[in-house]
Amino acid sequence: MDISHIDRLALSRFSSEEKQSIYQMLCGMMIIDKEPDPREKRIIEEVVDIIGLTQSERQASRAMNTQRQLNVLKSMDTLKKCYLAKFLAQVALADGVVTREENVFFNYYTQMLGLPADPENL
């Protein structure tokens, strides 16, 4: 995944809990259509590398309940939420097919995070 120096600076600002919550959200996107694809897994691993999620944070993320994850993600600033939406979209698009389930998952969680459906309204 190509990201700029500015992106790297912005992405370095995620807290440990934010990284854990993002990871779980991306895993949710991968399995929502019941057919995890190696290309989706590859995108998730790229994001893990980019945000600097450690192995211990990855393991800790599995213990976070869904409500805690949502609270953490909702409290992020808009820029961080936009990166999350970008990462979710990349996972959904990775296998070349966006299923109905992936579309519903994406729309539900971007709405839950308070991101407008129309990027012009950011």
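Student: Which helix gives the most to the lining of the second largest pocket?

Tutor: Helix 2, with five residues. Keep in mind that this is a predicted model.

Student: What volume does the second largest pocket have?

Tutor: About 180 Å³.

Student: And which residues line the second largest pocket?

Tutor: Gln24, Met25, Cys27, Gly28, Ile31, Thr66, Gln69, Leu70, Phe105 and Tyr109. The elements that give two or more residues to that lining are helix 2, helix 5 (66-74) and helix 7.

Student: Let's stay on helix 2. Is helix 2 largely enclosed or open, and why?

Tutor: Twelve of its 16 residues are buried, so helix 2 is largely enclosed by the rest of the structure.

Student: Which residues of helix 2 are buried?

Tutor: Glu18, Lys19, Gln20, Ser21, Ile22, Tyr23, Met25, Leu26, Cys27, Gly28, Met29 and Met30.

Student: What do the buried residues of helix 2 pack against?

Tutor: Helix 3, helix 4, helix 5, helix 6 and helix 7.

Student: How does the length of helix 2 check out?

Tutor: It agrees with expectation. At 1.5 Å a residue, the 16 residues should span 22 Å, and the end C-alpha atoms are 23 Å apart.

Student: Switch to helix 3. Which of its residues are buried?

Tutor: Glu40, Ile43, Ile44, Val47, Val48, Ile50 and Ile51. They cover an arc of only 165° around the axis, which puts them on the same side of helix 3.

Student: What caps the N-terminal end of helix 3?

Tutor: Asp37 does. One of its side-chain oxygens lies 2.7 Å from the backbone nitrogen of Arg39.

Student: What follows helix 3?

Tutor: Gly52, with a positive phi near 75°.

Student: How far apart are the end C-alpha atoms of helix 3?

Tutor: They are 20 Å apart. At 1.5 Å a residue, its 14 residues should span 20 Å, which agrees.

Student: Now Glu57. Where is Glu57 found?

Tutor: In helix 4.

Student: Buried or exposed?

Tutor: Glu57 is buried, with a relative accessible area of 11%. The cut-off for buried is under 20%.

Student: What does the side chain of Glu57 make a polar contact with?

Tutor: The side chain of Ser16, at 2.7 Å. Leaving aside neighbours within four places in sequence, Glu57 is in contact with Ser16, Lys19, Gln20 and Gly52. Gly52 is the residue with positive phi after helix 3. Lys19 and Gln20 are among the buried residues of helix 2.

Student: On to helix 7. Which of its residues are buried?

Tutor: Glu102, Phe105, Tyr109 and Thr110. Seen down the axis, they fall within an arc of 115°, so they line one face of helix 7. On the other side, Arg100 and Gln111 are exposed.

Student: What do those buried residues of helix 7 pack against?

Tutor: Helix 2, helix 3, helix 5 and helix 6.

Student: What relative accessibility does Glu102 have?

Tutor: Glu102 sits at 0%, so it counts as buried.

Student: What does Glu102 touch?

Tutor: Met29, Ile32, Asp33, Glu40, Ala92 and Val97, not counting residues up to four places away in sequence. Its side chain also reaches the backbone nitrogen of Thr99 at 2.9 Å.

Student: How far apart are the C-alpha atoms of Glu102 and Asp33?

Tutor: They are separated by 6.5 Å, though the two residues are 69 residues apart along the chain.

Student: Which residue takes a positive phi just after helix 7?

Tutor: Gly114, at about 85°.

Student: Last one. Is Ala89 buried or partly exposed?

Tutor: Ala89 counts as partly exposed, at 24% relative accessibility. Ala89 lies in helix 6.

Note on methods
Residues numbered from 1 in each chain as written. Predicted model: local features only at pLDDT ≥ 70, side-chain atom pairs only at ≥ 80, totals over all residues. Heavy atoms only, no water. Helix = DSSP H or I, 4+ residues; strand = E, 2+ residues; numbered from the N terminus. Expected span 1.5 Å × (residues − 1). Buried < 20%, exposed > 50% of the residue type's maximum accessible area, 1.4 Å probe, protein only. Arc of directions from axis to C-beta. Polar contact = N/O pair within 3.5 Å; in protein donor to acceptor, adjacent residues only side chain to side chain. 1 Å grid on protein atoms, 1.4 Å probe; cavity = no way out; pocket = protein on both sides within 12 Å on 5 of 7 lines; lining within 4 Å. Points joined across faces, edges and corners; volume = space filled by probe spheres on them. Contact = heavy atoms within 4.5 Å.
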